[in-house]
Amino acid sequence: MRWSSYYLFTTREVPADAEVASHRLMVRSGMIRKLAAGIYTYLPLALRSFGKLTDIVRRELAKADCIELSMPAIQPAQLWQESGRWSQYGKELLRIEDRHGREFCFGPTHEEVITDLVRNDVRSYRQLPLNLFQIQTKFRDEIRPRFGLMRGREFIMKDAYSFHATEESLDQSYKAMAAAYNRIFKACGLDFVSVEADSGTIGGSSSHEYMVVAATGESVVVRSSDGSYAANVEKAVTGPLPLPAAGEEETSREVVTPAMTAVSDVAAFLEVEEAQVVKTLIYDADETLVAVAIRGDREVNDVKLKNFLDVEDLVLASEERVREATGSPVGFAGPVGLAEGVRLLADESVRGLKNFVCGANRGDTHLVGVNWGREAEPSEWVDVRLARGGDPAPGGQGELEEFRGIEVGHIFKLGTKYSEAMSCNFLDEEGKSHPMAMGCYGLGIGRTIAAAIEQNYDDDGIIWPLPLAPFQVLLIALNTNDEEVVGQADALYNTLREKGVEVLFDDRNQRPGVKFKDADLIGLPVRMVVGARSLKEGQVEISLRRDRERQMVAVGDAVERILHLLEAS
């Protein structure tokens, strides 16, 4: 492709709303253009990279026996009402009406549509399992779209759905899809990790996220130092925390702590470790008051807590509700003497504490020398602690290491959540009807391309991993008024194309400095430069974008050298 006739317009201007490198570089390199908040036009350069990724996805999903189809983006409200998600999904669901006043939504995902399809076509266990996928545009009305393609409202996604007669069959497909995802991201040349994750609004019994490791990632991930365990912090568990030293049981007593609501202030005043303080948080869980006791140096993981309580709404209680639960102002709540009807949960981090400090449920007052089983006893011991780097790994396998990642894929075991709600049933060998077990497997196309850039760039531009690069080679003709330069560049361009190499030929009548700046910006893996000075020596210049080490190669050997570099990359 000749740059002079291609739709590719770079810019030196940095978008005002660009907060991360991929957003900034995709706009500057002429890959995307913003139409509205979180909505972008994908320009030809971006679509070529999208195409590379979708080819990899289709190839690896074919190995997992997945079948491609395409479902409508606009979905009737009736299906979402059947599943119960019309009222549950929230404002991210873009709801619309047609001219007849019938309600629809722009699909953020397709569980309802695929379940409706299969329930009307599949009747017998003999027709199962099935794994169907599509690559299609979705819409989620994010409250704050940001980071370019990483948190847009309209996006391209691969979503697959499997249907099974047994849980064992679902397990097999889940493992096959996990293996396919590993092959996909490995084939993309990305540094990634698979982690245990929360199922969120999709639901289901088990899920894993695929994270591209990047300093700009929104998600915090922990993994054991030996690599045997990894999880999103929303899901992560740890081994037991070391306990602070404590002597014989003391007698509990009240201590005046004027205006001390922060754990750090209380610990300093009483000359104890923060780990010896038990803080008690009061939550409103579907309008029921719940108290959570946790070690003072740790934080409650609201996702874990919400999942444990199995509630729709979970928020920290208002000051009025805190007084109702404790009889005290915010900041002095404790597990001793809570109001009747308040459910007390205690995190495992406080189970072994002796002689601990806690709020006295009285303003400006704390209790010291408190012990479980004497002054207070929780209704249940739970794991609702937010894991972090340095914590013991579960199973005693070293420590947890913390890093940031960009979620690019998510797989779920849905079980019968949707098939039961929507009567997607099959008949077994004895003619009995059962709901199908389901799996769901998503992969963000644009998000993966953006994540690849977040992992591969420098101050000058993108450094494409070869499998996702829009073109493999950038051929630059310097001195385009020189007939010999243009003629030789044309000959090399045609020969490379005949060899099946994807070449972008910069034949523009621009200054060399402009061409080199653009070359670094768009970041194609291999660069060949044809100039008058090198041609006098019978040579051209070849370099890799990743290291920029220049090699002078004889013109007659240039194509073979390019082929060798591409094969070795």
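Reply: Helix H12 (residues 483-498) and helix H15 (residues 558-568) pack at about 45 degrees, with their axes 10 Å apart. H12 and H15 are therefore oblique to each other. The classes work like this: under 35 degrees is roughly parallel, over 145 roughly antiparallel, 65 to 115 roughly perpendicular, and the rest oblique. Axes are lines fitted to C-alpha atoms, for helices over the stretch in contact, and angles between N-to-C directions run from 0 to 180 degrees. H12 passes H15 in a right-handed crossing. Handedness is judged by the near helix: turned anticlockwise from the far one by less than a right angle, the crossing is left-handed; turned clockwise, right-handed. Helices (H or I, at least four residues) and strands (E, at least two) are DSSP runs, numbered from the N terminus.

Some ground rules. This is a predicted model, where local features need pLDDT of at least 70 and side-chain atom pairs count only at pLDDT 80 or more, while totals for chains, interfaces and linings use all residues. Residues are numbered from 1 along each chain as its sequence is written, and side-chain values use heavy atoms, with hydrogens and water left out.

Next, helix H2 (residues 44-63). H2 packs on helix H6 (residues 167-187) at an angle of about 150 degrees, and the two axes are 9 Å apart. That angle makes H2 roughly antiparallel to H6. The crossing of H2 past H6 is right-handed. H2 also meets H11: their axes come within 10 Å and cross at roughly 110 degrees. H2 and H11 are therefore roughly perpendicular to each other. This crossing, too, is right-handed.

Phi of Asp65 is near 65 degrees, a positive value in a residue other than glycine. Another backbone detail is at Pro129. The peptide bond from Leu128 to Pro129 is cis, with omega near 5 degrees. Pro129 sits in the loop between helix H5 (111-121) and strand E7 (130-139).

On a 1 Å grid over the protein atoms alone, a cavity is a set of points where a 1.4 Å probe fits but cannot get out; a pocket is an open set with protein on both sides within 12 Å along at least five of seven lines; lining residues have an atom within 4 Å of a point. Points are joined across faces, edges and corners, and a volume is the space filled by probe spheres set on them.

The count is one cavity of 30 Å³ or more. The largest cavity holds about 60 Å³. Its lining includes Tyr42, Glu154, Phe155, Ile445 and Arg447. Strand E8 (154-164) and helix H11 (445-455) are the elements that give two or more residues to that lining. By class, five lining residues are nonpolar, three polar and two charged. Here Ala, Val, Leu, Ile, Met, Phe, Trp, Tyr, Cys and Pro count as nonpolar, Asp, Glu, Lys and Arg as charged, and the others, Gly among them, as polar.

The second largest pocket has about 300 Å³ of space. Of its 20 lining residues, Thr280, Leu281, Gly331, Phe332 and Ala333 are the closest to its centre. Helix H7 (263-270), strand E14 (277-285) and strand E18 (356-359) each give two or more residues. E14 has the largest share, six residues. The lining divides into 14 nonpolar, five polar and one charged.
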